[in-house]
Amino acid sequence: MTAPAVVQGALGTEAPARKRRSRGLQKFLRNKSAVVGAVLVLAFVLLAILAPLVTPQDPLQTSFTAIRKAPSAAHWLGTDDLGRDIYTRLAYGARSSLMAGVISVAIALAVGVPFGLIAGYYGGLVDGAISRATEAMLAIPFLILAIALAAFLGPSLSNAMIAIGLSAMPIFIRLTRGQVLSVKTEDYVEGAHSIGLPHRWIIIRYILPNVMPPLIVQATLTIATAIIAEASLSFLGLGQQPPSPSWGSMLNTAKNFMTQAPWMSISPGGAIFLVVLGFNLLGDGLRDALDPRES
């Protein structure tokens, strides 16, 4: 296969690719649960971004005259044990949770995808070494590994994000490797080899774009897992440190007042449930929309 033929083939696939994207968007919009998930995620993203504009108080402001007040017109979701407005802290806590989810997954992608590409493309001893290390990490439960890494790095939100990202990394290594093993046998990759294109160019130009759809779906689903992990680490004192608001630390405080002030636990617990539900529905919708086998 000549170089012009490879270029012509690549150009010839642009129109079908646009049609697939348009068809995928239509399938996504027809999926009601996926749209609900997207709306939930968007709502929490807007809440986090616009927190200073849509909240009545400073999230750190205490009031000893308003300790553990039930929801009212003055405090929509009530107050906590220090008289802080729960709605305000919930909105600012969304920043920590969403940032932790997105950055953790970005770390997992940035580290895991290159290793998966190298393992799947080159094979041999390199593949064996990477695969064995990946299997060893996958043998440890995700949350246990995240707790261990966070404890080793020290309690802070940034260290928690690194710990969660490294714990999620093996998932993306294995997924990327499997996709590369399938894609590298395609005719267009063989054609690129036959005209002598460098391996780096083949990986970046021909293989990586074709393994991205499943990675996008997995990243969306992993964000939900990372949000739960961040809340768990904050609950244990290994994530966002008080008095900065975090849904996990809010639950940690609320556990001491389950009978006297149940609203203290209902609000952050409900927020975690809704945002995780949103990302899961969104991920399922993306999976159906990006699956070429679906009509």
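## A charge over a ring, and the pair beside it

In this predicted model, R205 lies over the face of Y206, at 5.4 Å from the centre of the ring. With a relative accessibility of 10%, Y206 counts as buried, because the limit for that class is under 20%.

## Aromatic pairs

A search of the whole structure finds four aromatic pairs, and two of them are described here. A pair of aromatic rings is described by the distance of the centres and the angle of the planes.

W76 and Y87 form a tilted pair, with 5.1 Å from centre to centre and 40 degrees between the planes. This pair links distant parts of the chain, since W76 sits in the loop between α4 (51-54) and α5, while Y87, 11 residues apart from it, belongs to helix α5. W76 counts as exposed because its relative accessibility is 56%, whereas Y87, at 15%, counts as buried.

Y188 and Y206 also form a tilted pair, with 6.5 Å between the centres and 35 degrees between the planes. Here too distant parts of the chain are linked, with Y188 in helix α9 and Y206 in helix α10, 18 residues apart. Y188 has a relative accessible area of 30%, so Y188 is partly exposed, whereas Y206 is buried.

## Nonpolar cores

The largest nonpolar core has 53 residues, and I207, W247, V275 and F279 are those with the most contacts inside it. Two or more residues come from each of α3 (32-49), α5 (86-122), α8 (157-183), α9 (187-194), α10 (199-235), α11 (247-254) and α12 (263-290). Of these elements, α10 gives the most, with 13 residues.

W247 shows what such a position looks like in detail: leaving aside neighbours within four places in sequence, W247 is in contact with F44, L90, G93, A94, S97, P268, A271, I272 and V275. Apart from this core lies another, of nine residues, including A150, A163, A226 and A229. In soluble globular proteins, nonpolar side chains tend to be buried together.

## Confidence in the model

The mean pLDDT of the protein is 89, and 92% of its residues reach 70 or more. Confidence is highest in α3, at a mean of 96, and lowest in helix α1 (residues 3-12), at a mean of 47.

Over residues 6-13 the pLDDT is below 50, and this stretch has five contacts in the model beyond near neighbours in sequence. Where pLDDT is low, the predicted coordinates should not be read in detail.

Technical notes
Residues are numbered from 1 along each chain as its sequence is written. This is a predicted model: local features need pLDDT of at least 70, side-chain atom pairs count only at pLDDT 80 or more; totals for chains, interfaces and linings use all residues. Side-chain values use heavy atoms; hydrogens and water are left out. A nonpolar core is a set of buried Ala, Val, Leu, Ile, Met, Phe, Trp, Tyr and Cys residues joined through side-chain atoms within 4.5 Å. Buried means under 20% relative accessible area, exposed over 50%, partly exposed in between (1.4 Å probe, protein chains only). Helices (H or I, at least four residues) and strands (E, at least two) are DSSP runs, numbered from the N terminus. Contact means heavy atoms within 4.5 Å. Rings of Phe, Tyr and Trp (its six-membered ring) pair if their centres lie within 6.5 Å; planes under 30 degrees apart count as stacked, over 60 as edge-to-face and the rest as tilted. A charge sits over a ring if NZ of Lys or CZ of Arg is within 6 Å of the ring centre and within 35 degrees of the ring normal. pLDDT is the predictor's confidence in each residue, from 0 to 100.
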